[in-house]
Amino acid sequence: REEIAEVMSEALSDLYDNTKDSEAFDQILFAWYCNKDSVETTNALYELLDKYIQNAARKEWERAQQKAA
């Protein structure tokens, strides 16, 4: 849980540091909330989150590797 929380916190922080992506995320999240059956909206949400979650997970893995070395 702690590792997931750290990765998600970093991913969302990085996402909201990017003005263009944060605005897109807010719009997509609202559209998804209004219509969860929209495959297009769900895919857009997943793609945007995936971009930031993968990057944050990679950073976390690299930090763990540095601590282990």
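This is a predicted model: local features need pLDDT of at least 70, side-chain atom pairs count only at pLDDT 80 or more; totals for chains, interfaces and linings use all residues.
Visitor: Which residues make the contact between α1 and α3?

Guide: From α1 come Glu-6, Val-7, Met-8, Glu-10, Ala-11, Leu-12, Asp-14 and Leu-15. From α3 come Leu-48, Leu-49, Tyr-52, Ile-53, Asn-55, Ala-56, Ala-57, Lys-59, Glu-60 and Arg-63. Sorted by class, the contact of α1 with α3 comprises 11 nonpolar, one polar and six charged residues.

Visitor: At what angle do helix α1 and helix α3 pack?

Guide: Helix α1, residues 2–17, packs against helix α3, residues 39–68, at about 125°, and their axes lie 8 Å apart.

Visitor: Why is α1 called oblique to α3?

Guide: Angles of 65 to 115 degrees count as roughly perpendicular and those over 145 as roughly antiparallel. The angle here is about 125°, and therefore α1 is oblique to α3.

Visitor: Why does Lys-59 count as partly exposed?

Guide: Lys-59 is a residue of helix α3. Buried means under 20% relative accessible area and exposed means over 50%. Lys-59 has 28% relative accessibility, so this residue counts as partly exposed.

Visitor: What makes the pairing of the Lys-59 and Glu-10 side chains a polar contact?

Guide: The cut-off for a pair of N or O atoms is 3.5 Å. The side chains of Lys-59 and Glu-10 make their polar contact at 3.3 Å.

Visitor: How many residues apart in sequence are Lys-59 and Glu-10?

Guide: Lys-59 and Glu-10 are 49 residues apart in sequence, while their C-alpha atoms are 9.3 Å apart in space. With neighbours within four places in sequence set aside, Lys-59 is in contact with Glu-10 and Asp-14.

Technical notes: Residues are numbered from 1 along each chain as its sequence is written. Side-chain values use heavy atoms; hydrogens and water are left out. Axes are lines fitted to C-alpha atoms, for helices over the stretch in contact, and angles run from 0 to 180 degrees between N-to-C directions. Helices (H or I, at least four residues) and strands (E, at least two) are DSSP runs, numbered from the N terminus. Angles under 35 degrees count as roughly parallel, over 145 as roughly antiparallel, 65 to 115 as roughly perpendicular and the rest as oblique. Contact means heavy atoms within 4.5 Å. Ala, Val, Leu, Ile, Met, Phe, Trp, Tyr, Cys and Pro count as nonpolar, Asp, Glu, Lys and Arg as charged, and the others, Gly among them, as polar. Buried means under 20% relative accessible area, exposed over 50%, partly exposed in between (1.4 Å probe, protein chains only). A polar contact is a pair of N or O atoms within 3.5 Å; within protein, one must be able to donate a hydrogen and the other to accept it, and residues adjacent in sequence count only if both atoms are side-chain atoms.
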